[in-house]
Amino acid sequence: MRYCRLLLIFVAVSFFDIIIDRAFAETEVSGTVADTIWTTAGSPYIVKGNLIIPENVTLGLESGVVVKFNNTHYIRVNGILDMQGTSDNPVVFTSWKDDSAGGDTNNDADTTVPSPGDWYYIDIRNSENVWKHCEFRYGGYNNGSMLSITSSSPTIEQCTFANARGAAIYVSDGSPQIKDNVIRESHRGITIYGTSSGTPASRPVISGNTITENGLPLSLEGYAFPVFSNNTLTNNAIRSIGVSGSMDPSATRSEIWPKLDIPYMVNGSFTVGSKMTLGLESGVVVKFNNTHHIRVNGILDMQGTSDNPV
């Protein structure tokens, strides 16, 4: 009788182990993909090498799919990454050390924990992408960005970005719509870069976002003129918009820094080129955080008043 009980216990434990092991399937991915859909049945997907979505190719991700990165790899989106997440069941991109999404993928219990910079980035290069209900965690290897938007203007809406080693979102020469997202606990929130010539102009729409508990919430590099509206900035280490770089168009250009609820902060050398007019609305505050400077080879148009100076 004792032997039978031990056997039954062994069988029950073994069966339980099998159920746990199969609770999360794993699919390893890398290389160039064709039209396909990643399903919850195959989740989590482990990016074990750089992944490319070519032009005219669509990769769909069902709601609840978890994508993990086990090293410094990235996904480049030249085609379409079709996020099918919902508010209750988003698509998640995270470190393979993150046991809270998709289980203990690296099979080490609590020996390792995720940290900012565990993986590289996702790079969008196609304006037709419209992303909603997705989460990004622990990217930005080597102080880089976690989501990079390169020379394109996609829509990123109702997503969460957390624990980036560098910028949670980095826009380079694009005009995306970045709306109603939560961006938190990253070294930088949103960084916008524009080529100094201003061609193409970098004019993203940044609206309705909650940007909280980051180092620097917003920064502008070079010829970058976003449109800000209705964003909530709280508990960031630095309460300002960082500015640096050069505005040096080949033809005459005129742009304005509008008065916002927070000051601009020169956190790197900044140059206004000879054919550039940069207007500063009345009430604008510009601060300097180190031995940095502004060089004015063109026009710095101060629009202050006696009651509301620059």
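What follows is a short chat about a predicted model of a protein.

Visitor: What does the secondary structure come to?
Guide: In this predicted model, the secondary structure of the protein comes to one helix and 30 strands.

Visitor: And what box do the C-alpha atoms fill?
Guide: Taken along the principal axes, the box filled by the C-alpha atoms is roughly 95 × 40 × 30 Å.

Visitor: Which strands form the open sheet, and in what order?
Guide: Five strands form an open sheet, and their order is 10-13-16-19-22, with parallel pairing. Strand 10, residues 130-132, and strand 22, residues 227-229, stand at the edges, and each has a single partner strand, so one side of each is left without a neighbour in the sheet. From one strand to the next, the twist averages 5°.

Visitor: How do strand 10 and strand 13 pair?
Guide: Strand 10 pairs with strand 13, which covers residues 155-157, in the parallel sense and over three bridges. Tryptophan 131 stands opposite isoleucine 156 of strand 13.

Visitor: Switching topic, how much of the protein is buried?
Guide: Of its 310 residues, 46% count as buried, while the protein exposes about 14,600 Å², of which carbon and sulfur atoms supply 49%.

Visitor: What share of the contacts comes from residues 24 or more positions apart?
Guide: Among contacts with a separation of 6 or more, such residues account for 51%.

Visitor: Last one: how far apart are the mean positions of the positive and negative charges?
Guide: The protein has 21 positive and 30 negative charges, and their mean positions are 4 Å apart.

Methods. Residues numbered from 1 in each chain as written. Predicted model: local features only at pLDDT ≥ 70, side-chain atom pairs only at ≥ 80, totals over all residues. Heavy atoms only, no water. Helix = DSSP H or I, 4+ residues; strand = E, 2+ residues; numbered from the N terminus. Buried < 20%, exposed > 50% of the residue type's maximum accessible area, 1.4 Å probe, protein only. Contact = heavy atoms within 4.5 Å. Areas by Shrake-Rupley, 256 points an atom, 1.4 Å probe, with all protein chains shown as cover. Lys, Arg positive; Asp, Glu negative; His and termini not counted. Charge placed at Lys NZ, Arg CZ, Asp CG, Glu CD. Pairing = 2+ DSSP bridges. Axes fitted to C-alpha atoms, helices over the stretch in contact; angles between N-to-C directions.
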